[in-house]
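Reader: I have a model open and would like to go through it with you. Can we start now?

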Amino acid sequence: MAIDVALQLELENLYSRYASLLDDGPLRDWPDLFAQECLYLVIPRVNYDRGLPLAIIRCESRGMLVDRVRATQETIMHEPRYLRHHITNVRVVAAAAQRIEVTAHFSVIEVLPDELPRILCVGRYIDVVQRRNDGALEFKEKRCVYDSVLVPNTIVYPV
Amino acid sequence: MAIDVALQLELENLYSRYASLLDDGPLRDWPDLFAQECLYLVIPRVNYDRGLPLAIIRCESRGMLVDRVRATQETIMHEPRYLRHHITNVRVVAAAAQRIEVTAHFSVIEVLPDELPRILCVGRYIDVVQRRNDGALEFKEKRCVYDSVLVPNTIVYPV
Amino acid sequence: MAIDVALQLELENLYSRYASLLDDGPLRDWPDLFAQECLYLVIPRVNYDRGLPLAIIRCESRGMLVDRVRATQETIMHEPRYLRHHITNVRVVAAAAQRIEVTAHFSVIEVLPDELPRILCVGRYIDVVQRRNDGALEFKEKRCVYDSVLVPNTIVYPV
């Protein structure tokens, strides 16, 4: 498949903004990267591979993502921490006019006060991206498939 | 050196497919990224830097890579695990018609059941890439130079 | 903001050379990536976010960077180690003729003899890049904002 240079770099830019909003904020702008009607899943690989639908986070609209962010910031009790995403190997696996299928690898490193950084989770994104009327790209579907079997109880923020 | 935009993105796509096949499979397709006559080495940095040829894995043809994959899947006894590669900083250091010299950084994160992810090894690829008759890129030489002195006895899968 | 394809790949190449010089050397060439009059800071996120100027490393010219490298190689006592950078999500946040503002995520993994690799620090670069008369890009300002609260006493090499 020939590589669409402009599209590839637009996609990488989308993932960079995604990572930046999650790690450096403002987190409240993160849902803006999604379509109004979207699907956002955080799902263990073992379930994904077996076709089991059970996810640890499931949001079915941008509104639910907004709620999720609000809960993270206002409601959920947790120790302060920083996250740092690395998103690599962004790759178009299929591209139709309004359905660009993209995969990428991610790692999320967690930094707690007075501790060395540690890897919270790693995995891959299996996403569908589409173009808005204004030309910008947005996520229509995002599946965060993490490799761990262990579910970290510290998955507080979005992946 | 001026950057060849199309070549750069083709190379990054090659490394992304490489990472994807190793981590998410099918692993049996991984040797297809190499030339029939190729060199694949996994070598500690301390040896590489001193010009010592001793490598912990050495394959000299695509056929040997196929055997390696088969051994990994059928023969070697080991606990189930997932790997996750991040390949970054892909850079052309020399480009002739049929010999593109490329370096990249890699990390391999290992996920065992019931454990948090840990870094298995990090290092750099020192590679030679060439173009097939059909226009696709393939690895002619790949040296996986890992920084650790300690040899992880868990290097089961290709790096 | 439309993406300047050539600029994006030039910047990624600059960061790749930066990572390569730090990890694989020669370290003495690393200051050449900076302007003669430059700013290089390694600063904890908590200080950066509060506008506090206190940094653990502060260099205000290429000459100071050269001194820093010399100190690292000749003066400072420390156990031998390897570092491996991953620099991802390179993104232009503002681009004027002579002031390109760029952010990127970094992780630095440390490898000590006889130990498994561990994450030394993670964070983001907040940089200003400019173009030399010969057309090459160079760092005018580089802020290495690391997420840890804990200051690793092993930050010996530049980040």
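Predicted model: local features only at pLDDT ≥ 70, side-chain atom pairs only at ≥ 80, totals over all residues.

Reader: Start with chain A. How many helices and strands does the secondary structure come to?

Author: Chain A has 3 helices and 6 strands. Along the sequence they follow the pattern α-β-α-β-α-β-β-β-β.

Reader: And why call chain A as compact as a globular protein of that length?

Author: Chain A has a radius of gyration of 15 Å, and the globule rule gives 15 Å for 159 residues, so the chain is as compact as a globular protein of that length. Its C-alpha atoms fill a box of roughly 45 × 30 × 30 Å along the principal axes.

Reader: What share of the residues in chain A is buried?

Author: Buried residues account for 55% of the 159 in chain A. As for contacts between residues at least 6 apart in sequence, 58% of those in chain A join residues at least 24 apart.

Reader: What about the surface, and how many charged side chains are positive or negative?

Author: Chain A exposes about 6800 Å², with carbon and sulfur atoms supplying 50% of that. There are 19 positive and 22 negative side chains in chain A, and the centres of the two sets are 4 Å apart.

Reader: Change of topic. How many residues does the contact take from chain A and from chain B?

Author: Chain A gives 27 residues and chain B gives 29. Between them these two chains bury about 2200 Å², 63% of it on carbon and sulfur atoms.

Reader: Which three residues of chain A supply more of that area than any other three?

Author: They are A:R91, A:H105 and A:I119, which supply 25% of the area that chain A buries against chain B.

Reader: And chain B against chain C?

Author: That contact takes 27 residues from chain B and 29 from chain C. About 2200 Å² is buried between chain B and chain C, 63% of it on carbon and sulfur atoms. On the chain B side, B:R91, B:H105 and B:I119 lose the most area to chain C, together 25% of what that side buries.

Reader: I clicked on A:T103. Where is its place in chain A?

Author: A:T103 sits in strand β4, residues 99–111. A:T103 touches A:N89, A:V90, A:R91, A:V93 and A:Y125, leaving aside residues up to four places away in sequence.

Reader: Is A:T103 buried or exposed?

Author: Buried: the relative accessible area of A:T103 is 18%, and the cut-off for buried is under 20%.

Reader: Now C:W30. Where is that one, and what does it touch?

Author: C:W30 is in the loop between α1 (5–24) and β1 (34–44) of chain C. With residues up to four places away in sequence not counted, C:W30 touches C:Y18, C:L21, C:L22, C:Y40, C:L65, C:V69 and C:P158. C:W30 is buried, at a relative accessible area of 0%.

Reader: Which peptide bond in chain C is cis?

Author: A cis bond joins C:G25 and C:P26, with omega about -5°. C:P26 is in the loop between α1 and β1 of chain C. In chain B, the bond from B:G25 to B:P26 is cis, with omega near 0°.

Reader: Last one. What is the phi of B:N89?

Author: B:N89 has a positive phi of about 55° although it is not a glycine. B:N89 lies in strand β3 (residues 82–96) of chain B, and counts as buried at 9% relative accessibility.

Reader: And C:N89?

Author: C:N89 has a positive phi of about 55° and is not a glycine. C:N89 is found in strand β3 (residues 82–96) of chain C.

Key
Residues numbered from 1 in each chain as written. Chains lettered and ligands numbered in written order. Heavy atoms only, no water. Helix = DSSP H or I, 4+ residues; strand = E, 2+ residues; numbered from the N terminus. Rg over C-alpha atoms; globule rule 2.2 N^0.38 Å. Buried < 20%, exposed > 50% of the residue type's maximum accessible area, 1.4 Å probe, protein only. Contact = heavy atoms within 4.5 Å. Areas by Shrake-Rupley, 256 points an atom, 1.4 Å probe, with all protein chains shown as cover. Lys, Arg positive; Asp, Glu negative; His and termini not counted. Charge placed at Lys NZ, Arg CZ, Asp CG, Glu CD. Buried area = accessible area lost by both parts, 1.4 Å probe.
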